[in-house]
Each structure stands twice: as C-alpha cells, then as structure tokens.
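Here is a brief report on one protein model and its ligand. The sequence and structure come first, then the notes.

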Amino acid sequence: MTLTPPDTPPAPAAVDDGWRPLDAHPVGRTIAAFATRSFVANDPHGDRLRIRYEARAAAVPHATAAQPAELRAEVWFGPKAEGPPGHAHGGSVAAVLDEAMGLAVWLAHRAAVAAHIEVDFRNPVPLGLTGRVETTAGPADERKSSVSARLVGPDGTVYGEATGIFVLLGERHAGRFRGGGA
Ligand SMILES: CCCCC/C=C\C/C=C\C/C=C\C/C=C\CCCC(=O)SCCNC(=O)CCNC(=O)[C@H](O)C(C)(C)COP(=O)(O)OP(=O)(O)OC[C@H]1O[C@@H](n2cnc3c(N)ncnc32)[C@H](O)[C@@H]1OP(=O)(O)O
C-alpha cells in the first residue's frame, strides 16, 4: 500500500471570538467618540500612547447581568511614555488601566467615574511594548460597580493589575461631568 502525501492542510478557519472594534457596538460608538478626546486615547498617531479598544459583540445590543458587555484594548507605549529609563512611567500604566476600567463599566452598565483605584506594577513595561488590556466589570448596584483590569504582554507577562470602584453617573451628577474646559 502506498501512502500518498497528504494535501496541504487548509488554513484553520479564523475563530470568531466575538471581539469587534468599539464603534461596531451601539454603546461603544458613544464611548469611542468620548475616547478620541481623552488623556489616554487622544493622540492615536503620537509617540506617547496609542490605544485601540474592542468590545465583545456577544453583548450586543445591551449588557445583561448574565452577559455583561466586555471591553479590551491593545496599547502601545511609545518613547514619550518614559518613566524609569527605557520603560513606561507608572502613571501612564495606571492611566491606561484606569481608563479601560472606566470604559468597561460604561459598556457593561453606564457612564461612571473612578472613585477608587488600586494598581500593582508587576513588571517594568519596556518602551515599545504592545500589550493587551483585559477588563472585567463586576456587577453594579444602582450607585457603583467594581471592576478590574490587567496589562499583559504578547508572551503572557503580566505588567500591571488594577481594581477599582466606579461610581455610576446618575441624575445627582447631572452637569458635573460635561465637556468643555477652560
Ligand atoms: C449616552 C450618553 C452618555 C453621555 C455620557 C456623558 C458623559 C460621560 C462622563 C464621563 C465619562 C465616563 C467614563 C470615563 C471613563 C474613563 C475615564 C477614566 C476614569 C477616570 O479617571 S474618572 C476621573 C477621576 N475621577 C473623578 O474625578 C471622580 C471624583 N470624585 C467624585 O466626583 C465623587 O467622589 C464621586 C462621584 C466618585 C462619588 O461621589 P458621590 O457623592 O456621587 O457618591 P457617594 O458618596 O454617594 O457614593 C456612592 C457609592 O460609592 C461608594 N464610594 C464613593 N467613593 C468611594 C471611594 N473613594 N472608595 C470606595 N467606595 C466609594 C460609596 O460608599 C457609595 O456606596 P453605597 O451606595 O454602597 O453607599
């Protein structure tokens, strides 16, 4: 019996894990528009931070307690994010984690501001790193949500971990967090 060489196996079908650009998500569009102005995300071609958010499409159109919307991001730390020589400033890492947590709460529940965050810097972030921010928004009551996030490198190195309490914006905050500025 002769064995014929197997055909070249077909490329594995791309696995659709449900992640889409943020602006493909109905709530995500509002968030994406906000993010173009934010401290973290306002310079997508700059040398400091470049960040691209994605939402889990499985949550379209709205999150439920059983299936909260999820947010993640790809982030690049450029030469102008420097803190310790050759590495990212802790404030830039904290800012990235803070914003991602805020947007994750917004996507899962509604717009919110950070009341309390804690950040653990696990490994120094080399400048030039492109990492992944993963977020998990916890359940919310009518006033607040817990949330966590971490920054992971392409090889699985965990660079930073954060937890936060975000206060959901309601009627009592009306007018406090409007756009504008001096
Ligand atoms: C579809 C249209 C949408 C339009 C959206 C419009 C605007 C968007 C607005 C905002 C954008 C949203 C997201 C932005 C995303 C990311 C940005 C990055 C995240 C940030 O960077 S954002 C900036 C930094 N952030 C601040 O600038 C906040 C300054 N701060 C305050 O403005 C107040 O401090 C406030 C409002 C936080 C609370 O004040 P408050 O009076 O409303 O809340 P209150 O005291 O009633 O507490 C309610 C419950 O939260 C618990 N709680 C409160 N504080 C706590 C703490 N520190 N630790 C642990 N738990 C805490 C209480 O214990 C209570 O819990 P309980 O209900 O169980 O009693």
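The model is predicted. Start with the side chain of Arg-143: one of its N or O atoms is 2.7 Å from a ligand oxygen. Lys-144 also reaches a ligand oxygen, with a polar side-chain atom at 2.8 Å. Ala-114 uses its backbone instead: an N or O atom there lies 3.0 Å from a nitrogen of the ligand.

How much of the ligand does the protein bury? Taken alone, the ligand exposes 1,400 Å², and the protein buries 56% of that.

## The shell

## The annotated span

An unreviewed UniProt entry lists residues 86-135 as "domain: Thioesterase". In the model, this span is 38% helix and 32% strand.

## Rings and charges

Two arginines sit over aromatic rings. Arg-50 lies over the face of Trp-76, 4.3 Å from the ring centre. Arg-48 places its charged end over the ring of Phe-39, at 5.0 Å from the centre.

Ring-to-ring pairing is a separate matter. With centres required to lie within 6.5 Å, the count comes to one aromatic pair.

Key
Residues are numbered from 1 along each chain as its sequence is written. This is a predicted model: local features need pLDDT of at least 70, side-chain atom pairs count only at pLDDT 80 or more; totals for chains, interfaces and linings use all residues. Side-chain values use heavy atoms; hydrogens and water are left out. A polar contact is a pair of N or O atoms within 3.5 Å; within protein, one must be able to donate a hydrogen and the other to accept it, and residues adjacent in sequence count only if both atoms are side-chain atoms. Accessible areas come from the Shrake-Rupley method with a 1.4 Å probe; for residues, only the protein chains shown count as cover. UniProt positions are given in the numbering used here, feature names are shortened, and annotations may be inferred rather than shown by experiment. Helices (H or I, at least four residues) and strands (E, at least two) are DSSP runs, numbered from the N terminus. Rings of Phe, Tyr and Trp (its six-membered ring) pair if their centres lie within 6.5 Å; planes under 30 degrees apart count as stacked, over 60 as edge-to-face and the rest as tilted. A charge sits over a ring if NZ of Lys or CZ of Arg is within 6 Å of the ring centre and within 35 degrees of the ring normal.
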